Amino acid sequence: MTRTQRPVRIWLVGFGMVGRWLASALDAQAERIATRYGRAVTVVGVGNARDGFIYHPDGLDLGSTLAAASAGRPITDQPAARVWPNAIDGLRATEADLLVEVTASPAAHGEPGVTHMREALQRAIPVVTSNKWPVALHGAELSALAERHGVAFRAESTVMSGTPVLSTLTEGLAGTAPSALRGVLNATANLVLSQMANGLSYEQALAEAQRAGLAERDPAADVEGHDTVAKVMILSALVFGRQLSREQVTRHGITEVTARQVRQAASAGGRLRHLATLAFSGPDGTGTVTARVQPEVVPAGDPLAGIDGVTNAVVCQAGPVGAVTIIGPGAGPELAGQGVLSDIIAITNAQPAVS
Ligand SMILES: NC(=O)C1=CN([C@@H]2O[C@H](COP(=O)(O)OP(=O)(O)OC[C@H]3O[C@@H](n4cnc5c(N)ncnc54)[C@H](O)[C@@H]3O)[C@@H](O)[C@H]2O)C=CC1
Ligand SMILES: N[C@@H](CC=O)C(=O)O
């Protein structure tokens, strides 16, 4: 008897910039993904806040769903699709092999993302997400839940979007003893500081970041450092296994930084950077924690001094390897979508074939 692999069935919850980029990529690259990675994927469920959740067990027509969303029409008009008024009801009533959670859940509580992810993991369905605050606030719990049920929980694009930071630190450096990291983790803030060094005003530089689609809907999240705090909390939970509360991360934004301070740092040979620091006094996230986000002058020669514009970087100390630096683009919906796609492929590669 020949074994036929059925496609990996995906629930896609969140159909904004990231969700739609991903749906277009899965649609356009369906054949390539199936050939290159040996497993077809099909999106069986799609949800957004306005229209609710739609499901077809054999796969939705992504082109038609995307066309409806782009035209501002409800996604619920898809032929033969079943419809629920909200995503959680749809998830509870249907089946899939993987949840892709790309809603934008607020910093206050991370909902509805946390509930969507718990629902999947409790049913031993793996989760991929780009949604930062659910992971920042509950990353250790969600990872433990995934482990308990023997499935993957991946959040690559929550930190530096499509640049593989989390997989490098958790898989590439598996077996090492990471003790600390420093990083430039917000593309908007870094672009603002870089452009101020080039002579732009704070306002001009921030407007450029907004035009480029890098900034959060409320750019205060970027320039006041909340987004970087979330990323520090995610790194702590997923790389070091230690859940931090928001209050444990000291935060100072870049809103008070003056052009003079930026120029002074540069003329002394250094660079003013919005720096994230995370360190533990003991191994594997134990002991006293130092966690802060603040503008700091980094000296010339520091790997973070050369990180300009939308580029972000992390320098991680992990024994016995030493300092490992990961540099790459830090933001953008297509990059976040790419990070999600790489997580999907990692999970489908690891799943056993099902007849
Ligand atoms: N855009 C970017 O460059 C990056 C985004 N991210 C994160 O990825 C996530 C998605 O980002 P975007 O697509 O840019 O956001 P977006 O605001 O464009 O889209 C969010 C989507 O979530 C849906 N949604 C909200 N509440 C919902 C609910 N209760 N049930 C079902 N759907 C719901 C909205 O209807 C919308 O379709 C966010 O958490 C964001 O922080 C992460 C890295 C980079
Ligand atoms: N607004 C964020 C987007 C990615 O996380 C940033 O500017 O880094």
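**Figure 1. Helix H8 crosses helix H9 in a right-handed sense.** A crossing is called left-handed if the near helix is turned anticlockwise from the far one by less than a right angle, and right-handed if clockwise. Helices (H or I, at least four residues) and strands (E, at least two) are DSSP runs, numbered from the N terminus. The view comes from a predicted model, in which local features need pLDDT of at least 70, side-chain atom pairs count only at pLDDT 80 or more, and totals for chains, interfaces and linings use all residues. Residues are numbered from 1 along each chain as its sequence is written, while chains are lettered from A and ligands numbered from 1 in the order in which they are written. H8 covers residues 187–197 and H9 residues 202–211; their axes come within 8 Å and cross at roughly 135 degrees. Axes are lines fitted to C-alpha atoms, for helices over the stretch in contact, and angles run from 0 to 180 degrees between N-to-C directions. H8 and H9 are therefore oblique to each other. Angles under 35 degrees count as roughly parallel, over 145 as roughly antiparallel, 65 to 115 as roughly perpendicular and the rest as oblique. H8 brings Thr188, Leu191, Val192, Gln195 and Met196 to the contact, and H9 brings Tyr202, Ala205, Leu206, Glu208 and Ala209. Contact requires C-beta atoms, placed from the backbone, within 7 Å. Seven of these residues are nonpolar, two polar and one charged. Here Ala, Val, Leu, Ile, Met, Phe, Trp, Tyr, Cys and Pro count as nonpolar, Asp, Glu, Lys and Arg as charged, and the others, Gly among them, as polar.

**Figure 2. Helix H1 passes helix H3 in a left-handed crossing.** The axes of H1 and H3 (residues 62–70) come within 9 Å and cross at roughly 150 degrees. H1 and H3 are therefore roughly antiparallel to each other. From H1, the contact uses Arg20, Ala23, Ser24, Leu26 and Asp27; from H3, Leu62, Gly63, Thr65, Leu66 and Ala69. Five are nonpolar, three polar and two charged.

**Figure 3. Ligand 1 has 26 residues around it.** A residue is counted if its C-beta atom, placed from the backbone, lies within 6 Å of the molecule. Gly14, Gly16, Val18, Ala49 and Ala336 come nearest. Helix H1 (17–28), strand S2 (41–48) and helix H13 (333–350) each give two or more residues to this shell. H1 gives the most, with three. The shell holds 12 nonpolar, 12 polar and two charged residues.

**Figure 4. The shell around ligand 2 has four nonpolar, four polar and three charged residues.** Among them are Ser161, Asn186, Asp222, Asp227 and Gly330.

Figure 5. Domain 1 spans 8–161 + 334–350, and domain 2 spans 174–330. These bounds come from an automatic or database domain assignment. The C-alpha centres of the two domains lie 28 Å apart. Domain 1 puts 14 residues into the contact and domain 2 puts in 15. On the domain 1 side, helix H6 (residues 132–148) gives the most, with seven residues. That side has nine nonpolar, four polar and one charged residues.

Figure 6. Most residues other than glycine have a negative phi, and most peptide bonds are trans. The bond from Glu111 to Pro112 is cis, with omega near 15 degrees. Pro112 sits in the loop between strand S5 (98–101) and helix H5 (113–122). Gly319 and Pro320 are also joined by a cis peptide bond, with omega about 5 degrees. Pro320 lies between strand S12 (311–319) and strand S13 (322–329), in a loop. Met160 has a positive phi, near 65 degrees. Met160 is in the loop between strand S7 (153–154) and helix H7 (166–172).

Terms used: Two residues are in contact if their C-beta atoms, placed from the backbone, lie within 7 Å.
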